[in-house]
Amino acid sequence: MNQHQTATINRVEQAIADCDYKVAADIALAEAIAADGCPPQIFFLLGKAYLLGGDDDKRIDAVYWLTRALDSGALDTAEKILFFAEAGKNLPMWGKVYRVLKATRQKIAAGTMKPPSASVALALYENLTIAAGALGFNDEAFEAARMALAKAQTLKERAVNFGNAALLAHYLPIEAAELFKLHTLAEDVFAAVVPYEHDLAACRAEITATGRRIRIGYISPDACDHVAAHFFVGLLQYADGQRYETFFYSLSAKRDGMTEAIAAAAEHFTDVAGMDYAQIAATVFADHIDILVDLAGHSAMSGLPVLAYKPAPVQISGIGYLSTTGLGAVDYLITDGFVDPPGNEKYLTEQPLYLACQFAREYPADLPVPVETPCEKKGYITFGVFNNYAKITDEMLNSWRIILEQTPNSRLLLKYKSYKDKELVAIAKERFKKIGLDVARIDFEPASRDYLRR
């Protein structure tokens with residue numbers, strides 16, 4: 001490395017330290033394309049600058065340069081590997097991210113790579129949880145989530161990684177009693193939280209005496225075009241305004257048409273993205289909410305931890321998660337007889353609130369009216385599963401195998417965003433073959449906006 005290259009690296013590193021990512025990228029790119037013999041460290045810094053810059057249009061560029069750095073041996077620390085993992089999972093390219101993270105763990109264990117700091121070790125396990133889960137390696141993903149939980153220091157870290165483990169446990173071949181026992185450990189995660197105190201009887205008496213409306217607050221990370229939002233937006237749109245005053249607390253940094261619909265339907269819409277759990281709980285408490293409803297359970301970026309502070313006298317969870325929260329602070333669980341048939345109450349720490357079906361939604365008015373079933377035109381039946389690949393268990397695959405075998409010439413369409421990752425599709429096909437499925441009768445498609453028209 002010559003003096004010019006050393007000086008260039010120093011300039012790029014200083015620009016990154018100053019959070020001037022565009023300047024850093026411009027300097028590094030000029031060096032990277034100038035001539036042969038560019039130090040691989042420049043590739044890493046260029047990819048790092050693109051990634052930290054947060055420009056969605058530069059994600060592919062970040063992956064390209066970080067991959068060149070990886071192939072050149074420049075990602076020689078766990079800290080550098082994390083930048084590759086963060087860029088790769090956003091593309092996504094789960095297979096390569098998974099292999100790199102596994103190799104990194106092996107190098108650290110063998111002593112050929114310097115042990116990372118506690119925060120980097122935690123991030124490695126968190127990324128491995130996501131990558132392994134995306135590929136359907138749910139045993140590994142669950143174990144990585146448990147390791148991450150063991151290394152978690154803050155309340156948010158514990159909540160996020162416990163939620164990851166609890167969600168992944170649904171995809172493992174375990175009994176309902178074991179799944180329930182795992183969820184009850186949520187109390188340990190939030191043991192340090194000091195809850196607000198309420199006098200429920202006094203609250204009820206005050207509502208009766210004043211005749212005021214009951215204040216219902218909803219909290220969710222999915223106030224955007226997320227599938228869960230289509231199931232809960234009606235709670236706001238059809239609320240009886242004479243009896244209820246509605247509040248919505250959004251944890252989503254993303255805003256789109258669905259966000260606007262939710263904001264318009266709620267009387268009070270508060271953006272709490274970026275606030276910590278205690279701050280959100282204080283906001284809810286200050287709004288004098290009577291009933292607080294969590295709409296995500298232990299799923300990603302959930303507001304369930306806010307309920308551990310008990311900011312409302314009555315608290316409910318449901319719709320965005322299909323198991324108990326395990327939290328004593330949650331009084332009721334929205335469910336139905338399909339998810340929780342009679343006798344399942346013993347696996348709930350909450351009192352169940354049964355709906356005819358908790359997953360009800362209005363469909364777009366412009367959907368065409370079916371005039372004939374597609375199989376009449378095509379001559380064969382197409383079965384469809386438009387769900388997260390990680391949720392596909394071997395038990396499901398065996399059921400699909402039997403259905404396809406008993407339905408001659410039928411096909412199976414699998415549609416999900418991760419199927420644009422060719423390596424994931426190849427892994428899925430090998431897995432399906434081992435189960436005995438005829439992969440020639442299975443089609444894989446990436447997610448698309450028109451999926452309801454398929």
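**Briefing on a predicted single-chain model**

Cys19 is exposed, with 52% relative accessible area, in a model that is predicted. This residue lies in the loop that links helix 1 (3-17) to helix 2 (21-34). The chain as a whole contains 19 helices and 10 strands. Its radius of gyration is 25 Å, close to the 22 Å given by the globule rule for 454 residues, so the chain is as compact as a globular protein of that length.

**Overall dimensions and surface**

- Taken along the principal axes, the C-alpha atoms of the chain fill a box of roughly 80 × 60 × 45 Å.
- Of the 454 residues in the chain, 45% are buried.
- The chain exposes about 23,100 Å², and carbon and sulfur atoms supply 55% of that area.
- Where contacts in the chain join residues at least 6 apart in sequence, 63% of them join residues at least 24 apart.

- Three strands form an open sheet with parallel pairing, in the order 8-9-10.
- Strand 8 (382-385) and strand 10 (442-445) stand at the edges; each has a single partner strand, so one side of each is left without a neighbour in the sheet.
- On average, neighbouring strands of this sheet are turned by 20 degrees against each other, direction ignored.
- Four bridges join strand 8 to strand 9 (residues 411-415), and the two pair in the parallel sense.
- Val385 has Leu414 of strand 9 as its bridge partner.

**Helices packed on this sheet**

- Helix 18 (residues 394-406) packs on the sheet and touches strand 8 and strand 9. The direction of helix 18 makes about 145 degrees with that of strand 9.
- Helix 19 (residues 422-435) also packs on the sheet, where it touches strand 9 and strand 10. Between the direction of helix 19 and that of strand 10 the angle is about 155 degrees.

- Cys19 has a phi near 65 degrees, which is a positive value in a residue other than glycine.
- Met301 is not a glycine, yet its phi is positive, at about 60 degrees.
- The loop that holds Met301 runs between strand 4 (291-294) and helix 16 (304-307).
- Met301 has a relative accessibility of 56% and therefore counts as exposed, the cut-off being over 50%.

Key: Residues are numbered from 1 along each chain as its sequence is written. This is a predicted model: local features need pLDDT of at least 70, side-chain atom pairs count only at pLDDT 80 or more; totals for chains, interfaces and linings use all residues. Side-chain values use heavy atoms; hydrogens and water are left out. Two strands pair if DSSP finds at least two bridges between them. Axes are lines fitted to C-alpha atoms, for helices over the stretch in contact, and angles run from 0 to 180 degrees between N-to-C directions. Contact means heavy atoms within 4.5 Å. The radius of gyration is taken over C-alpha atoms; the globule rule is 2.2 Å times the number of residues to the power 0.38. Buried means under 20% relative accessible area, exposed over 50%, partly exposed in between (1.4 Å probe, protein chains only). Accessible areas come from the Shrake-Rupley method with a 1.4 Å probe; for residues, only the protein chains shown count as cover.
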